[in-house]
Amino acid sequence: MGEDADARKINHSFLRDHSYVTEADIISTVEFNHTGELLATGDKGGRVVIFQREPESKNEPHTQGEYNVYSTFQSHEPEFDYLKSLEIEEKINKIKWLPQQNAAHSLLSTNDKTIKLWKVTERDKRPEGYNLKDEEGKLKDLSTVTSLQVPVLKPMDLMVEVSPRRIFANGHTYHINSISVNSDCETYMSADDLRINLWHLAITDRSFNIVDIKPANMEDLTEVITASEFHPHHCNLFVYSSSKGSLRLCDMRASALCDKHSKLFEEPEDPSNRSFFSEIISSVSDVKFSHSGRFMLTRDYLTVKVWDLNMETKPIETYQVHDYLRSKLCSLYENDCIFDKFECAWNGSDSVIMTGAYNNFFRMFDRNTKRDVTLEASRESSKPRAILKPRRVCVGGKRRKDDISVDSLDFTKKILHTAWHPAENIIAIAATNNLYIFQDKVNSEMH
Amino acid sequence: MFARGIKRKCFDGEEDIEGTLAGFKSVPSYNLQRQSLLDMSLVKLQLCHMLVEPNLCRSVLIANTVRQIQEEMTQDGTWQVINAQNTGQASLDRLVSSDILCRSTKEQNEGKLVPSYSGFSKDFENTPSQDIISDLSTVTSVQAPRNPQSNNVWEMENSQENRGNFQKSLDQIFETLENKNPNSVEDLFSDVDNSYYDLDTVLTGMMNNTKMGHCDVLESFSSQTTTNSNSNCKSDINELDHIVEILVES
């Protein structure tokens, strides 16, 4: 085949290309913890990096609230499924923090098949003055011991220790796309393409299947699960989205197997916009409950939508992320970009929503003022502590200075993963292998 | 993107590209575009990265797109004209029998490919507000092909093969996910003959006219018109063989 011939040619051009990125460094998920003090990122190489926010100090005001590396560890390793002769990628698909219950922090990280519970602890003191051991830990010569002393705790350099506490394996035949911790802090769910399982955080050898959309005959398969999340307050409710653009709200009190939804949220298709790509672009790539629990935010290929849990017929708000791509859908289908899964995020007060796009652009929509802004996350266009300049994509016609035309957008620079601090206006943007953290200046308004 | 290989036409002095593209909104171009999309989708379904398990969501979305095109082509009559050309007989049974003829005796006895056929017939049943049998029985009085040129025959004949290939490709994709025992797949195709016409080259040739000239493709197809159903199944089986090769990494 033609492809084989191409593979035989060795491509050295990447060595000259200074923007070549080691694939293992590509960030695949970003998540703040519940206080916003910690920010975790996962990458394609199976590593997790945790950043911690520096406490604000009056002495050095310019470093207030900066995030620095707190801990790095290897969460998942590549595996090989001998039965199917296929590799299992170590890429971290999702990280979710558990609510903090003691001095330690805990998080769940997952790849395609296995979920792991990690405990992050600090050690900043160590005991000194043992009676039987000396400073280096060697046993003392007992004849030299003349008196007893009580060991005292002395401060030491901060050491962050991360240990795997639970490994939840063999629960999924298909690739895990989401995990979500329940508000009861005891259970969590994991969803793959066709099934959703409920786990207890302390039990690794069992899980309950709560959704199963696998057809009896795989040839009848036309719809898969794309994302799922527990309701932030009601521990019995969860939502899952599908590749056909529908959302299903399920109540675990209704039955053990929640195949029958309690509510189905679906917007009828606009017949004037119908094309062969209609279904693909309606596939929901991410769903997030608002902090209030009253709304849901969904992202499909061209829009973000806000849904009211009380209205199933259509979303209450729809925002166009990059409608200029509508005429390019065939090219985007050809180069597979149409299958990119963008995430979306709420701000702490549920008044602003954010999502990523191409060319390292990300978009924010203010639900109250109905204003939106496009910003860029790249080294070239922003220096540290400089204010981000709004960007604009022009679609022919009038072109202002600094506008980017649709045809010069870089589709390899996609911002799929974004996160918003739970309380403050701090956002984390993953641009391929770089993490950008932007903060709102104290006195400026969000526009 | 679709305009590859299509000669620019001059419309009353309009020579800019936008003017010529506007002229392409006529029906024959739409058929070509749709066919091109269908072929692109089939190639995508086959060229999954088999080292890691293929992305199921992507495969399902592509498969749905192919089904959609197939349905539209069925409603257009583009899909069925080939049946009219083959024989006068028009019923669902006709499709059954030709399909079965394409399989080797061993596979027929094992009945393993039958489920894939029933899946196919379900697709037909899903076509909204259409009585399939009555539709097929009127195929003899179907409207004349919109494109009376010879390449229309090739286009529809290719659709016939694509349909069979598509269904089998789909089944293969989904069944590999199911399949816990790779040996059964090998058993299924252990007696398949390798020496058949490589459909992949044709498809990739259509995508970018570099591998095979347009004319070459037409010629190879026209040489098969005499043994029509046979050639269809030969390509089908070779299609499966190719996929199996990827699966077992031979």
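Trainee: What share of the contacts in chain A with a separation of 6 or more comes from residues 24 or more positions apart?
Mentor: Residues 24 or more positions apart account for 51% of those contacts in chain A, where contact means heavy atoms within 4.5 Å. This is a predicted model, in which local features need pLDDT of at least 70 and side-chain atom pairs count only at pLDDT 80 or more, while totals for chains, interfaces and linings use all residues. Residues are numbered from 1 along each chain as its sequence is written, chains are lettered from A and ligands numbered from 1 in the order in which they are written, and side-chain values use heavy atoms, with hydrogens and water left out.

Trainee: How many helices and strands does chain A have?
Mentor: Chain A has 4 helices and 31 strands, taken as DSSP runs numbered from the N terminus, with H or I and at least four residues for helices, and E and at least two for strands.

Trainee: And how much of chain A is buried?
Mentor: Buried residues make up 48% of the 447 residues, where buried means under 20% relative accessible area, exposed over 50% and partly exposed in between, with a 1.4 Å probe and protein chains only.

Trainee: Switching to charges, how many salt bridges are there over all chains?
Mentor: The count comes to 30, a salt bridge being a side-chain nitrogen of Lys or Arg within 4 Å of a carboxyl oxygen of Asp or Glu. One of them joins the side chains of A:Arg53 and A:Glu424, at 3.1 Å from N to O.

Trainee: Where do those two partners sit in chain A?
Mentor: They link distant parts of the chain, 371 residues apart, with A:Arg53 in strand β3 (residues 47-53) and A:Glu424 in the loop between β29 (417-420) and β30 (426-431).

Trainee: Is A:Arg53 buried or exposed?
Mentor: A:Arg53 counts as buried because its relative accessibility is 14%, whereas A:Glu424, at 37%, is partly exposed.

Trainee: What about A:Arg363 and A:Asp372?
Mentor: Their side chains meet in a salt bridge at 2.7 Å, N to O; A:Arg363 is buried, with a relative accessible area of 10%, while A:Asp372 is partly exposed at 40%.

Trainee: Which residues are linked in a network of salt bridges?
Mentor: A:Asp25, A:Asp43 and A:Arg47 are linked in such a network.

Trainee: Last one, what box do the C-alpha atoms of chain A fill?
Mentor: Taken along the principal axes, the box is roughly 95 × 55 × 55 Å.
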